Each structure stands twice: as structure tokens, then as C-alpha cells.
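Biologist: Please take me through a close look at a single part of this model. I would like to know what meets there and how open the surroundings are.

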Amino acid sequence: MVAFLLWLLLLVFCWPLALLALVLYPIVWLLTLPFRLVGITVGAVFALLGAMLMLPARVLRGRPAA
């Protein structure tokens, strides 16, 4: 909501820049999409490596006898 209000404010004060931002936003979003996908993939790989490293400790800890 804040971003929309800021865009409206920009539209009032400098409408050519606001229209340019409106046109360029989807293009920039598409250009940055591969970098975001790589970031998600790298985060998942690190989570998997962390889980694999912690697995022996989790197995050896066991469950307390009730």
C-alpha cells in the first residue's frame, strides 16, 4: 500500500517518471527473476547440507526412555 501511495505521489509531481517506472517495473522484475531463483536454490542446497551434517547427531541423541 505504501509503494502505491508513493507511486501516486510521484505521479502528481513528475508524471513522466511515474509512467516510465510503471513500464519498466515488469521488465526489471523479469531480469532479476533468474537471480532470485539461484538464490532460492543456493539456500535450499545449504539447508540440505546442514541437515545432512546434523543427521548423525540427531540419530545418536535418540529419544529419552519414558
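**Where two helices meet**

Modeller: The axes of helix 1 (residues 2–13) and helix 2 approach within 5 Å and cross at roughly 135°; axes are lines fitted to C-alpha atoms over the stretch in contact, with angles running from 0 to 180 degrees between N-to-C directions. Trp7, Leu10, Leu11 and Phe13 of helix 1 touch Trp15, Leu17, Ala18 and Leu22 of helix 2 (heavy atoms within 4.5 Å). Helices here are DSSP runs (H or I, at least four residues), numbered from the N terminus. This is a predicted model, where local features need pLDDT of at least 70 and side-chain atom pairs pLDDT 80 or more, while totals for chains, interfaces and linings use all residues. Residues are numbered from 1 along each chain as its sequence is written, and side-chain values use heavy atoms, leaving out hydrogens and water.

Let's stay with Leu17, which lies in helix 2 (residues 15–61). Leu17 is partly exposed because its relative accessible area is 43% (buried is under 20%, exposed over 50%, with a 1.4 Å probe and protein chains only).

Further along, Leu30 also sits in helix 2, and its 54% relative accessibility makes Leu30 exposed. From the C-alpha atom of Leu30 to that of Ala44, 14 residues away along the chain, the separation is 22 Å. Thr41 belongs to helix 2 as well; with 48% relative accessibility, Thr41 is partly exposed. Between the C-alpha atoms of Thr41 and Leu24, 17 residues apart along the chain, there are 27 Å.
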